[in-house]
Amino acid sequence: MENSSAFDSFEMQLTDEAKGFLREAGKWAMFLSILGFIGLGFMLLGGISIFTMGSTLDNTGTTGGMPFSFSTFGIIYILMAILYFFPILYLYKFAASTKQAILNNNTAKLTESIKNLKSHYKFIGILTIITIVGYILGAIIMVAVVASAAV
């Protein structure tokens with residue numbers, strides 16, 4: 001004989017208040033994702049400009065003793081824009097799916113929406129961890145370089 005609890009057949013219901021919160025969160029997510037896409041466009045234009053001007057300056061030899069060429073900075077900027085495209089896309093998909101889920105009372109769309117929100121936060125979280133580790137490694141390397149120069 002199998003024991004079954006009341007929670008085995010439990011189905012979550014959204015109140016009108018919860019739907020209102022989701023609708024508002026979706027609107028803000030749409031606003032932020034559109035701004036993000038606009039910002040990405042500016043990042044790409046800036047990266048391409050830095051790369052183009054940098055290659056000209058690199059050829060004239062006016063880098064000013066920088067450890068990297070201007071072209072390298074342009075490429076890094078473009079790569080950062082490409083990397084940041086994905087969390088903005090997930091945020092946009094969350095907003096669009098949330099709007100459709102609330103309008104059509106569609107549970108599958110709501111599930112897709114929350115999946116995209118999870119992906120957005122997971123990507124940002126991993127990126128944050130990588131950034132923190134990079135700062136820590138950079139600080140350790142800087143201390144090692146300063147210590148070796150002092151000896």
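A residue counts as exposed when over 50% of its relative area is accessible, and as buried when that value is under 20%. Keep these cut-offs in mind while reading this predicted model.

Take L45 as a test case. Its relative accessibility is 54%, so L45 counts as exposed. This leucine is found in helix α1, which covers residues 16-60. L45 also belongs to a nonpolar surface patch. An α-helix has 3.6 residues a turn, so residues three or four places apart point the same way.

Now step back to the whole chain. It holds three helices and zero strands. Along the sequence, the pattern reads α-α-α. Of the 151 residues, 17% count as buried. The accessible surface of the chain comes to about 11200 Å². Carbon and sulfur atoms account for 71% of that area. What about contacts along the chain? Among those with a separation of 6 or more, 67% join residues 24 or more positions apart.

Finish with helix α3, residues 107-150. It has 44 residues. From first C-alpha to last, helix α3 reaches 64 Å, close to the 64 Å expected at 1.5 Å a residue. At the start of α3, a side-chain oxygen of N106 comes to within 2.9 Å of the backbone nitrogen of A108. Which residues of α3 are buried? They are L110, S113, N116, S119 and H120.

How values were computed
Residues are numbered from 1 along each chain as its sequence is written. This is a predicted model: local features need pLDDT of at least 70, side-chain atom pairs count only at pLDDT 80 or more; totals for chains, interfaces and linings use all residues. Side-chain values use heavy atoms; hydrogens and water are left out. Patches are made of residues with over 30% relative accessible area and no salt bridge: like charges are joined within 9 Å, nonpolar side chains (Val, Leu, Ile, Met, Phe, Trp, Tyr) within 5 Å. Accessible areas come from the Shrake-Rupley method with a 1.4 Å probe; for residues, only the protein chains shown count as cover. A salt bridge is a side-chain nitrogen of Lys or Arg within 4 Å of a carboxyl oxygen of Asp or Glu. Helices (H or I, at least four residues) and strands (E, at least two) are DSSP runs, numbered from the N terminus. Buried means under 20% relative accessible area, exposed over 50%, partly exposed in between (1.4 Å probe, protein chains only). Contact means heavy atoms within 4.5 Å. The expected span of a helix is 1.5 Å times one less than its number of residues. A polar contact is a pair of N or O atoms within 3.5 Å; within protein, one must be able to donate a hydrogen and the other to accept it, and residues adjacent in sequence count only if both atoms are side-chain atoms.
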